[in-house]
Amino acid sequence: MKLTVIGCSGSMSGAQSPASSYLVQAEGEDDAGGSRTWSLVVDFGPGAMGHLMKYVDPARVDAIVISHLHADHCVDLVGMQVYRRWYPEGALSQLPVFSPGDGAERTRGIAGDPEGETYETEFDFQRVVPGDTVQVGPMCVEFFEANHTIEAVSIRITGPSEEDPQRSVVLSYTGDTDYAPTVVEAAQDADVLLSEAAFEEGRDEARGIHLTGKRAGEIATEAGVKRLLLTHLQPWTSRKRTASDAQAVYDGEVTVVSAGDVYTI
């Protein structure tokens, strides 16, 4: 699998990056028994639609997974809907969109569309809950309960190694969450943990909303992950401090991601 960071700014788009959005790709069989690249978009916050075009034709995206329906993780679904309905060579087929909560209702609210708008020609909205599993080409996507202010999931993606397609690897994504045993479960023995770290130790005291660098590091240690990538830092949150806090409690490699970063898994 390959991970491309489309956007990593927390709670809003930033000066250097769109809000949270990630492209996960893997080689696998097509319907005819040949091989092709499968593309999964995880979260789709403000600015993500435009930056997605740098890395893949939006018409070739196979599915979108939304960790929760806060605007900074889903608002550019509206842009994708317009792209698919008004594509100049003809409307594109339905794109599966997996999310906790009612994705169609949320999209209508963002777009200001009437109640009768179902988006059924552009999207196939499917609600997921912890314990559900979906398959996107060679990638198996599992959902775990997150600890956030609304219904939210952490995500575990298992797929072929970029270096050795015969070997399976795991990418875990916390989504927005505070510490929870289920988030550790989602990350268990993962090759890469992509963890939000919007809060800063000693500054943000509220619980049940976000992780800090330290708490992300503690999850990585408890789960035994091989590499920790920190994301969703708000524009005012220190990258250096966040990384240092994680490194104080986790012995593996820690990186604060930037938009455009590519990681092979």
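Is Tyr119 buried or exposed? Hi everyone, let's start there. Tyr119 is buried, at 1% relative accessibility; buried means under 20% relative accessible area, exposed over 50%, and partly exposed in between, with a 1.4 Å probe and protein chains only.

A word on the model. This is a predicted model, where local features need pLDDT of at least 70 and side-chain atom pairs count only at pLDDT 80 or more, while totals for chains, interfaces and linings use all residues. Residues are numbered from 1 along each chain as its sequence is written, and side-chain values use heavy atoms, leaving out hydrogens and water.

Back to Tyr119, which sits in the loop between H4 and S6. Helices (H or I, at least four residues) and strands (E, at least two) are DSSP runs, numbered from the N terminus. The phi of Tyr119 is positive, near 60°. Most residues other than glycine have a negative phi. Ser11 also has a positive phi, near 75°, and lies in the loop between strand S1 (2-7) and strand S2 (21-29). Ser11 is partly exposed, at 32% relative accessible area.

Now for helix H4, residues 103-111. Here Gly103, Ala104, Thr107 and Arg108 are buried. Down the axis of H4, these buried residues fall within an arc of 135° (taken from the directions from the helix axis to the C-beta atoms), so they line one face of the helix. They pack against helix H3 (77-85), strand S5 (95-99) and strand S6 (123-127), where contact means heavy atoms within 4.5 Å. After H4 comes Gly112, with a positive phi near 70°. Thanks, everyone!
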